[in-house]
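Hi everyone, thanks for coming. I'd like to walk you through a structure that may be new to you, so let me put it on the screen.

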Amino acid sequence: MSDAPSDGDPGSAEARSRIWGGRFDGRPDEFVQSYTASISTDLLLYRHDIDGSRAHARMLAAQGIIPAADAEALIGALGQVETEIQEGQLELRNDLEDIHGHVEARLAEIVGADVAGRLHTARSRNDQVVLDTRMFARDAIVQAVGAVRGLQIALLTLADANADVVMPGYTHLQRAQPVLFAHALLAYFEMLDRDAGRFADAFERTDVMPLGSAALAGAAYPLDREAVARELGFTEISRNSIDAVADRDFILEFQAAAAICMVHISRLCEDLVLWSSAEFGFLRFADQYATGSSIMPQKRNPDVAELARGKTGRVVGHLTALLTMLKGLPLAYNRDLQEDKPGFFDTVETLIGTLVALRGALLTAECDGARARRAVESDPFILATDYADYLTRKGLPFRAAHQVIGGLVRACEARGAGLSDLDLAELQAASPLFEADAVGMTVEQALAARDVPGGTAPRRVAQALAEARKRIDVADRGEAGG
């Protein structure tokens with residue numbers, strides 16, 4: 001006997017297979033089914049959906065809302081469905097729309113429609129999907145923080161291995177003052193540390209259990225929402241049923257933290273691209289993290305860094321798309337919210353993949369300290385600020401000292417000399433405050449002079465590296481315990 005539906009048969013098999021089909025007597029347009037279906041995206045939520053359903057079934061039975069035997073059968077069948085999805089055995093159908101419809105339809109085949117139908121008691125797809133997404137977001141935050149920590153460790157490893165390397169520091173992409181290479185790497189460590197903090201902060205507001213909110217008004221059953229929250233590892237339950245199903249600010253927080261993190265990564269990658277170029281030559285990526293050219297045999301392209309820089313745009317775009325989508329939605333749930341997940345899932349994959357790839361690239365990279373040192377010493381005016389500071393320490397106001405050294409630089413440029421080429425008489429012609437110890441000022445003197453917390457003096461950078469290691473260790477212990 002055929003199960004093919006007719007347009008006027010509300011009791012057809014196809015109508016029954018749709019969890020909202022009782023209201024409709026016409027066959028859905030196939031293109032519209034494809035357009036509205038989300039299973040290709042939200043299949044990623046299957047573990048969270050099944051875990052949430054198990055907890056919901058146990059609670060319904062414990063509260064006497066459904067028979068205990070039905071709950072036991074549902075929990076066993078949910079395990080079977082989970083295995084089938086893991087092994088790729090579940091047929092995906094657009095008419096079942098989403099992961100919830102697929103799980104429920106398969107449950108009906110295993111335990112019968114009556115028992116399967118009890119699982120949705122006191123639950124709507126509205127609170128069900130936000131539960132699944134919050135559970136996914138919690139996992140994503142933990143993974144993101146771990147990946148950020150991995151990149152931070154790679155930065156520290158590269159810095160430790162090249163603790164004595166001196167390089168030019170830049171402003172406006174012009175050589176400015178000498179700094180330790182490790183000091184520059186620690187700048188990105190600090191940016192990433194704040195990124196990890198933003199993700200950790202977002203976890204608190206993500207860790208809220210919405211189930212029991214139903215469609216928007218709350219469930220009309222004596223639910224034990226706290227029991228479900230405990231089973232699923234949530235620290236609190238939502239306080240307003242409309243807010244619980246209507247907002248996605250927890251995704252926005254992740255997207256915002258991810259976008260900021262990717263911007264920091266992009267800035268790091270811009271420096272890595274520059275440092276690995278022939279013009280700079282401070283860094284060399286291992287063969288595993290570089291590619292060649294299809295036409296130029298000599299090329300070593302920093303593709304990992306370039307792709308990371310490029311992928312930042314799509315993560316920022318996903319944040320912008322979600323902000324734009326949410327800004328005009330009235331209360332409570334609207335189907336627009338189905339569009340929260342594609343960009344979110346892609347952001348998670350892009351962010352974590354980028355962090356992992358860059359970690360490997362930095363752990364295998366080599367720094368050319370001699371080349372970096374030559375770049376410092378080849379700049380005739382890189383110690384200009386130190387000469388001005390010398391006069392200031394002798395009592396000259398800094399603005400006046402700045403003018404004096406600016407005049408010396410101009411004079412040196414005219415004759416093709418550098419500040420270190422000037423003898424005492426030439427220095428004293430510009431200012432009588434110069435003494436013999438100003439002649440031939442060295443890079444080491446300039447570095448040592450920046451002996452303030454956060455400065456590039458070798459002693460301070462060594463302290464900063466040690467302190468950064470401790471912070472990572474403390475953070476790892478805290479995250480493992482939390």
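How many aromatic pairs does the structure hold? Eleven. Keep in mind as we go that this is a predicted model.

Let's start with one of those pairs, F181 and W275. The ring centres of F181 and W275 are 5.6 Å apart and the planes sit at 65°, so we call this pair edge-to-face; the cut-off for that label is over 60 degrees. What I like here is that the pair links distant parts of the chain: F181 belongs to helix 9 and W275 to helix 12, with 94 residues separating them. And are these two buried or exposed? Both F181 and W275 are buried.

Here's another edge-to-face pair, F280 with F282: the centres are 5.6 Å apart, with 80° between the planes. F280 has a relative accessibility of 15%, so it counts as buried, given that buried means under 20%. F282 comes out at 2%, so F282 counts as buried too.

Now for rings in a group. F136, F199, F254, F344 and F345 are linked into a cluster by ring pairs.

Have a look at R134: its charged end sits over the ring of F250, 4.2 Å from the ring centre. R138 lies over the face of F234, and there the distance to the ring centre is 3.9 Å.

How much space lies in the largest pocket? About 540 Å³. Its lining is made up of 24 residues, and the ones nearest the centre are G169, Y170, T171, A184 and D271. By type, the lining splits into 14 nonpolar residues, six polar and four charged.

Which elements supply at least two residues each to that lining? Strand 1 (166-171) and strand 2 (174-180) do, and so do helix 9 (181-206) and helix 12 (249-275).

Let me finish with T171, one of the residues nearest the pocket centre. You'll find T171 in strand 1. Its relative accessible area is 44%, so T171 is partly exposed; that label covers the range between buried, under 20%, and exposed, over 50%.

Conventions
Residues are numbered from 1 along each chain as its sequence is written. This is a predicted model: local features need pLDDT of at least 70, side-chain atom pairs count only at pLDDT 80 or more; totals for chains, interfaces and linings use all residues. Side-chain values use heavy atoms; hydrogens and water are left out. On a 1 Å grid over the protein atoms alone, a cavity is a set of points where a 1.4 Å probe fits but cannot get out, and a pocket is an open set with protein on both sides within 12 Å along at least five of seven lines; lining residues have an atom within 4 Å of a point. Grid points are joined across faces, edges and corners, and a volume is the space filled by probe spheres set on the points. Helices (H or I, at least four residues) and strands (E, at least two) are DSSP runs, numbered from the N terminus. Ala, Val, Leu, Ile, Met, Phe, Trp, Tyr, Cys and Pro count as nonpolar, Asp, Glu, Lys and Arg as charged, and the others, Gly among them, as polar. Buried means under 20% relative accessible area, exposed over 50%, partly exposed in between (1.4 Å probe, protein chains only). Rings of Phe, Tyr and Trp (its six-membered ring) pair if their centres lie within 6.5 Å; planes under 30 degrees apart count as stacked, over 60 as edge-to-face and the rest as tilted. A charge sits over a ring if NZ of Lys or CZ of Arg is within 6 Å of the ring centre and within 35 degrees of the ring normal.
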